[in-house]
Amino acid sequence: MVQVDVFWSYAIGAGCGTAAARAAVAEPVRPLLSDRRFTTTVLFLSCVFAPSGLWLVWQFTGWETMHAAPTTADLPAWLVATFAMTNVTQGIVGYCVARHLWRSGHRYLSWLQMPLGYFAMFFVLAYGWDGTGYRRFFAPTTAAWRAGEFDPLGFLTSPVALTLYGMGVVLIPTMLWLQAGWWAGDGLARARAGALLLVVPFSLGLGTAAVATVALRTLGVLPGLLACAVLVVTVFHPRGLAGLLARAFPVTIRRSVPAPSAA
């Protein structure tokens, strides 16, 4: 969706940036534009992620805009161009921020950029701007949205959902394969890292966003915002769930100290 892809792109870029910085620890320091992993990330964003968003805007305009624009005629050209651009640029920003934090020694903050991006993405998806984000998501057409329909099971077999399945088969394994390889190399370690990378968005991202949405809808704006602030600090604190998951990654690296030579 147009409203969430900016955060999704940031999360993808940040995930790649942290994993790439981890992989480059033993390598000579290179400028950003000489970083082959940065080039790979930009290629993934521009050749896989961004086209998927444009496909959805063209084919399912109402759903992709959370029913803010029912047809392509309701979208100004500059907005579509900006959407296409930010699907790449925000990923670049995420990569650069995570890379910089890692190289500055703030490795947990570097790793945290990815789940924070996914949390923002899922929060907009679940809450939207008026508490109806999840209802907009499960309405495959603008007509269904305007009719007040809410049929999550029916959505699963809609043309929108079938398209998402096809895109997911390409996008998600490719992203996991890249990031897991930079975290752990090849073999079973790569499979384990891929599984962990899949857990992070749904636990820290979707799970936290769902609780925040329920809090806002049940408590009201001001008490809900206070509850959300406490929730976010608790979950993403180094001693919270995020810290627990981060410890499963090689976030902290102890550099070996050469033994003193014999006299």
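Me: Is Arg190 buried or exposed?
Reply: In this predicted model, where local features need pLDDT of at least 70, side-chain atom pairs count only at pLDDT 80 or more, and totals for chains, interfaces and linings use all residues, Arg190 is buried, with a relative accessible area of 16% (buried means under 20%, exposed over 50%, partly exposed in between, with a 1.4 Å probe and protein chains only). Residues are numbered from 1 along each chain as its sequence is written, and side-chain values use heavy atoms, with hydrogens and water left out.

Me: What does Arg190 touch, not counting residues up to four places away in sequence?
Reply: Arg190 touches Trp177, Ala180, Gly181, Ala184 and Gly185 on that count, where contact means heavy atoms within 4.5 Å. A polar atom of the Arg190 side chain lies 2.8 Å from the backbone oxygen of Trp177.

Me: Changing topic, how many aromatic pairs are there?
Reply: The count comes to 17 aromatic pairs, taking rings of Phe, Tyr and Trp (its six-membered ring) with centres within 6.5 Å, and calling planes under 30 degrees apart stacked, over 60 edge-to-face and the rest tilted. One of them is the edge-to-face pair of Trp102 and Trp183, 6.2 Å centre to centre with 75 degrees between the planes.

Me: And are those two Trp residues, Trp102 and Trp183, buried or exposed?
Reply: Both Trp102 and Trp183 are buried. Phe138 and Phe150 also form an edge-to-face pair, 6.0 Å centre to centre with 80 degrees between the planes.

Me: Which residues do ring pairs link into a cluster?
Reply: The cluster linked by ring pairs holds Trp63, Tyr134, Phe137, Phe138, Phe150 and Phe155.

Technical notes
A polar contact is a pair of N or O atoms within 3.5 Å; within protein, one must be able to donate a hydrogen and the other to accept it, and residues adjacent in sequence count only if both atoms are side-chain atoms.
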